[in-house]
Amino acid sequence: MSIQLRDVHKAFGPKQVLRGVTLDVEEGETVSVVGFSGAGKSVMLKHINGLLLPDRGTAFVDGLEVPKLGRRELFQLRLNIGYVFQFAALFDSMSVAENILMGLRKKGGLAEAEMRQRVAESLALVDLTGYEERFPAELSGGQRKRAGLARAIAYRPKYLLYDEPTSGLDPVTTTVIDRLIQRMKEELGVTSLVITHDMESAYAISDRIAMLYQGRVVEVGTPDEIRNSDNEVVRSFVEGRPDLAHDAETPLEPAAQQGRTA
Amino acid sequence: MNATRTLERVGTAALRGFAGFGVFSRFAAQSGRSLREASTWGPLLAGQMRKLGVNSLPIALFLSAFTGIVLALQASYTFTGAIPLYFVGTLVGKTMILELGPVLIGLALAGRVGANIAAELGTMRVSEQIDALETMAYDPVAYLVVPRVLAGMLMFPVIVILGDVVGIFCGLLTSMAMLEMSAQTFIRGLRLFYVHFDIIYSTIKCISFGLVITLVGCYQGFNTKGGAEGVGVATTRAVVISGMLILVLDAFWAATLLRS
């Protein structure tokens with residue numbers, strides 16, 4: 001089992017975001033996590049590489065218990081996990097090439113010429129050849145996302161975590177990104193966890209899809225199983241019915257509710 | 001009932017203040033621990049010294065030049081007929097080195113450097129660039145905070161010493177041109193009460209001001225929440241808090257180092 005989340009709970013102040021998330025991602029698999037906005041998908045993702053620590057429960061990657069890792073072990077693990085941010089999170093004071101070189105320099109083991117070669121290869125994989133010296137401000141939204149993906153894959157991580165890779169993109173660019181995600185799996189053999197609320201993307205790229213609702217995974221299955229699910233929450237989301245959307249955010253804990261009403 | 005509520009508010013504010021101080025202290029301690037990551041901050045130090053230090057020289061020297069001019073004129077106005085005019089040199093030198101050089105330049109740099117750091121790191125925080133550093137196994141404190149704080153502590157004394165030189169020189173030129181005083185007379189006054197401890201005292205103050213300006217700027221930037229509004233709030237806080245701390249530290253150093 002390559003990525004395991006076990007009963008992960010997380011609250012920010014009175015807001016209980018995750019209420020016991022349990023999810024497994026097998027080696028070489030692409031799993032999409034779908035859910036309404038505010039359901040805690042991105043928060044869940046950040047527990048996998050230790051950007052957030054759970055209040056209760058735990059996360060394992062490669063058999064290593066992430067919250068219990070020391071600083072050095074955690075940094076070592078992070079070099080095996082590429083992270084594609086929702087808004088790319090490129091360093092805006094650096095060119096695209098310098099952005100990509102950041103991870104390569106940290107990982108080490110390559111000469112400068114080899115690193116430059118790796119930058120070119122990574123940009124070619126996302127169809128951004130020739131964009132090395134551009135700055136993030138000079139790129140379109142889709143190009144920024146692709147540059148963010150190139151940065152994440154440059155140091156050849158074993159795992160890729162995607163945080164809403166297609167949100168805010170036009171349908172054509174969305175398809176391009178979806179194909180890139182599939183390409184990463186086929187050409188680099190990475191294990192991927194994709195956060196999205198775009199069902200078409202999820203069907204296109206996933207081996208399995210998990211539905212997060214009110215801070216818990218309420219269903220996991222293949223795209224066909226999710227498409228034909230009897231679960232009312234899943235059906236409501238898949239069919240785009242707004243009847244459950246207002247309940248989608250994780251409810252406040254009773255104590256916090258009392259605090260609010262007092 | 002009103003008294004209870006007032007007490008409750010005072011207690012809540014005090015608790016919030018202590019909690020904030022605790023979080024800031026933890027951030028400062030983390031910055032100290034990240035000094036070990038020399039391979040991360042080392043290559044960035046020279047760039048930050050140029051950005052925070054060298055690029056701040058024009059404003060610092062401009063400020064010092066006019067302070068020197070005004071000090072000379074005010075001293076001559078105050079001393080006329082009562083105190084020998086060579087004391088103009090004494091006053092300009094002592095005041096520039098001990099007080100106005102460090103404090104005025106400190107307050108100006110709290111605006112220029114502190115605001116710049118808070119806005120830059122705040123924008124990086126809200127656009128997830130700091131998270132991105134972490135995902136690539138960088139210690140964001142070693143990468144972003146340590147080089148800025150070290151650059152501030154190293155460059156601030158240099159800027160102030162250069163500012164003092166320019167301020168005193170402008171005071172000298174003003175005395176010669178407008179007060180009909182010779183250079184020898186001014187320099188006689190300048191040397192009259194000069195002791196090397198003045199420079200040591202000024203340098204200690206400058207290092208502490210450099211630390212406060214950069215550390216508060218980094219702390220506010222790192223803890224920015226929300227979007228553009230959050231960056232604005234962090235920037236304002238950085239300038240106001242570091243300005244206040246400069247004045248508090250100024251009084252602290254005077255009370256601890258100048259009492260004979």
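Modeller: A residue is called buried if 20 or more other C-beta atoms lie within 10 Å of its own, exposed if 12 or fewer do, and partly exposed in between, with the C-beta atoms placed from the backbone. This is a predicted model, in which local features need pLDDT of at least 70 and side-chain atom pairs count only at pLDDT 80 or more, while totals for chains, interfaces and linings use all residues. Residues are numbered from 1 along each chain as its sequence is written, and chains are lettered from A and ligands numbered from 1 in the order in which they are written.

Of the 262 residues of chain A, 40% count as buried. Along the principal axes, the C-alpha atoms of chain A fill a box of roughly 60 × 40 × 35 Å.

The strand in question is β7(A), residues 159–163, and five of its five residues are buried. Both of its faces are covered: Tyr159(A), Leu161(A) and Asp163(A) lie on one side, and Leu160(A) and Tyr162(A) on the other.

Two strands are said to pair if DSSP finds at least two bridges between them. β7(A) pairs in the parallel sense with β6(A), residues 81–84, over four bridges. In this pairing, Tyr159(A) is the bridge partner of Ile81(A). β7(A) also runs parallel to β8(A), residues 191–195, and five bridges join these two strands. Here Leu160(A) has Ser192(A) as its bridge partner.

An antiparallel arrangement is found elsewhere in the chain. Four strands of chain A form an open sheet in the order β2-β1-β4-β5, with antiparallel pairing. Strands β2 (15–25) and β5 (64–65) of chain A stand at its edges with a single partner strand each, so one side of each is left without a neighbour in the sheet. The strand β4(A), residues 56–61, is joined to β5(A) by two bridges, and Val61(A) stands opposite Leu64(A) there.

A further buried position lies in a loop. Gly215(A) is placed between β9 (208–213) and β10 (216–221) of chain A, and it counts as buried because it has 24 C-beta neighbours inside 10 Å. Gly215(A) is 176 residues from Ala39(A) in sequence, yet their C-alpha atoms are 6.0 Å apart.

Lastly, there is the meeting of the two chains. Residues are in contact if their C-beta atoms, placed from the backbone, lie within 7 Å. The contact between the chains takes 13 residues from chain A and 10 residues from chain B. On the side of chain A, the elements that give two or more residues are α2 (71–78) and α3 (96–107). The largest share, three residues, comes from α3(A).

Terms used: Two residues are in contact if their C-beta atoms, placed from the backbone, lie within 7 Å.
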